[in-house]
Amino acid sequence: MKILLLGKGVANNGCERLLKKHNIDYDYLEKNEVQISDYDLIVKSPGIPLDDIVFTKIKGKVITDIELAYRLEKPNLIGVTGSNGKTTVVTMLEHVLKSKYNTIACGNIGYSICDALVDHPNMDFYIVELSSFQLEGVTSVDFMISCILNISLCHIDHHKSFDSYIESKLNICKYQGYNHYFVYNAKEPYFAGIRKKTNAKCIDFSYHSTIHRIYFLNGYIYKGAKKIYRVRKNANKLTIENILACLTIASVLNVDIKSVAKKIRTYKKEKYRLEEIRKCIFNDAKSTNCASTECALESLRNVILICGGYDRSIEINLSKVARDNIEIVLCYGQTKQLVKNYFEKYSIPVLIFDKLKDAVLFALKIKKENTILYSPMFASFDQYKSYIERGLEFEKLINNYYEK
C-alpha cells in the first residue's frame, strides 16, 4: 500500500509515528514536494482544503489523521466537535472519567490521536477533540460516543459554504453503529432530521427545555426530575452547555452522575477562555467566532470590548443582549473596518487601532468602573501564530501595566 502524508505538522507527525509502529511504508511531503501522482491513501494535514490544487496533480483516497488511526487500531473513541467549547468538554471529560476509566484527551488540543495511540496503548477511551477540517476526511470511523456541542457560522474560507461546514461536522455520527451513541445540543436547528443520518442512539441535552435526559432549569442541572448540579452564579450559557454535554456523555457510560458532578467542581478551565486575569479584566483570546464572543458579552456588563483578527469572510452577528452590554469597541487587525461598520450600525462607539497593544493601553486609560473584555471574535493568523500567542501578549500587557 502506498501512503502519502501530505503537509507537515502536529497531526501528520503523529501519523508518521503510528505508521512506523505498524511497519508501514509512506512518503511524508509538503505540497510542493510531491512528485509521484498515485497513492492508495493520502493523509492530508487538516489545514489543507479538499479543493486545493494539489489534488488535481495526485490521485488517491483523501483522509485525515482520525481516519488513519481508526483504520489501523480500531480504538474506543469518544469524539467531540462543535464551533465552540470542544477543548473544554474534552479536557473536562478526561478529568471526570479518569477515576473509573483509563482515558486520555487528544486530537485538536495539540496532542494528536496517533501520538496518543503510540504513547498510551490500550486505553479504555481516547477522548478526541475534532475540528471540521479533520472530520471532512472521515469515511468510516465508528465512534463509541460522538458529540456535537453547537454549530455557528465559521471556517467558510476553508469549506466554501455553510452547508459544507455542517456536513463535515455530521461525519462524526454518520458511520456509527446501532450500539453506539450520538449526543447533541437540542437547540440546534441543523439536527432536526439527524435521526435519519445516523444509526447511533441519539441523546440530546438542553439549556432551554425540560423534556430531555439532562437539562438546565433555574440555576440547576437536572437528570430527569433530580437536581444533580448547582450552576455557579454568572456562569454563561456556553459554560452551562459544556457541563450539560459532559454530564450527558457520562450518563451514557453509566458513571455515577453525582460523583461526576462533584468532579466537575474541581475542573480548571483552560487558559484564555473568559479567564479573569485582574478584577473586571477578562482574557478570552480563544474566541475565534461571533458565537463565543456573544456568550462572553451576555455574561458581563458595561464592557469595553477589544476585538479583531484574521478575515475569513464571516459576517458579524451578535444578539441584542450582547450588544446592549457594550460601552465601546476597540478594534484592531485585518477585520477592524468590518468591526467598525457593524457596531456603528447600532450606534455603539468604535475606535480603530493598528495593534492589540495600542487598544489595550487605551482601554486601561478609560476603564474606571467598566469591564475590559478581550474577545477577538476572529482567528489570530493576521498578526499571531495562534490564539495562545495573542492571549499571552494580552496577559503580559495587563500585568506590565499594573506592575508599573
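Buried here means under 20% relative accessible area, exposed means over 50%, and partly exposed covers what falls in between, with a 1.4 Å probe and protein chains only. The model is a predicted one, so local features need pLDDT of at least 70 and side-chain atom pairs count only at pLDDT 80 or more, while totals for chains, interfaces and linings use all residues. Residues are numbered from 1 along each chain as its sequence is written, and side-chain values rest on heavy atoms, with hydrogens and water left out.

Salt bridges make a handy way in. Counting a side-chain nitrogen of Lys or Arg within 4 Å of a carboxyl oxygen of Asp or Glu, a search of the whole structure turns up 14 of them. One of these links D284 and R273, whose closest N and O atoms sit 3.1 Å apart. D284 belongs to the loop between β15 (281-283) and α10 (290-298), and R273 to the loop between α9 (257-265) and β14 (275-278), so this pair ties together parts that are 11 residues apart in sequence. Both D284 and R273 are buried. Elsewhere, salt bridges with shared partners join R17, D115 and D119 into one network.

The helices and strands named here are DSSP runs numbered from the N terminus, helices being H or I of at least four residues and strands E of at least two. In helix α2 (residues 65-73), R71 and E67 are four residues apart, which puts about one helical turn between them. They form a salt bridge too, with 2.9 Å between the closest N and O atoms. E67 is buried, at a relative accessible area of 0%, whereas R71 is partly exposed at 32%.

K197 and E167 also meet through their side chains, in a salt bridge of 3.5 Å from N to O. Since K197 is in the loop between β9 (181-185) and β10 (201-206) and E167 is in helix α7 (residues 162-174), the pair ties together parts that are 30 residues apart in sequence. Both ends are partly exposed: K197 has 45% relative accessibility, and E167 has 40%.

Two strands pair if DSSP finds at least two bridges between them. Strand β8 (residues 145-148) runs parallel to β9 and is joined to it by four bridges, with C147 standing opposite V183. β9 and β10 are parallel as well, joined by five bridges, and Y181 has K201 of β10 as its bridge partner. Four of the five residues of β9 are buried, so the strand is largely enclosed by the rest of the structure.

The axes of α13 (residues 356-366) and α14 (residues 387-403) come within 10 Å and cross at roughly 40°; axes are lines fitted to C-alpha atoms, for helices over the stretch in contact, and angles run from 0 to 180 degrees between N-to-C directions. That makes α13 oblique to α14, given that angles under 35 degrees count as roughly parallel, over 145 as roughly antiparallel, 65 to 115 as roughly perpendicular and the rest as oblique. The contact (heavy atoms within 4.5 Å) involves L356, K357, V360 and L364 of α13, along with residues of α14 including F394, L397 and Y401.
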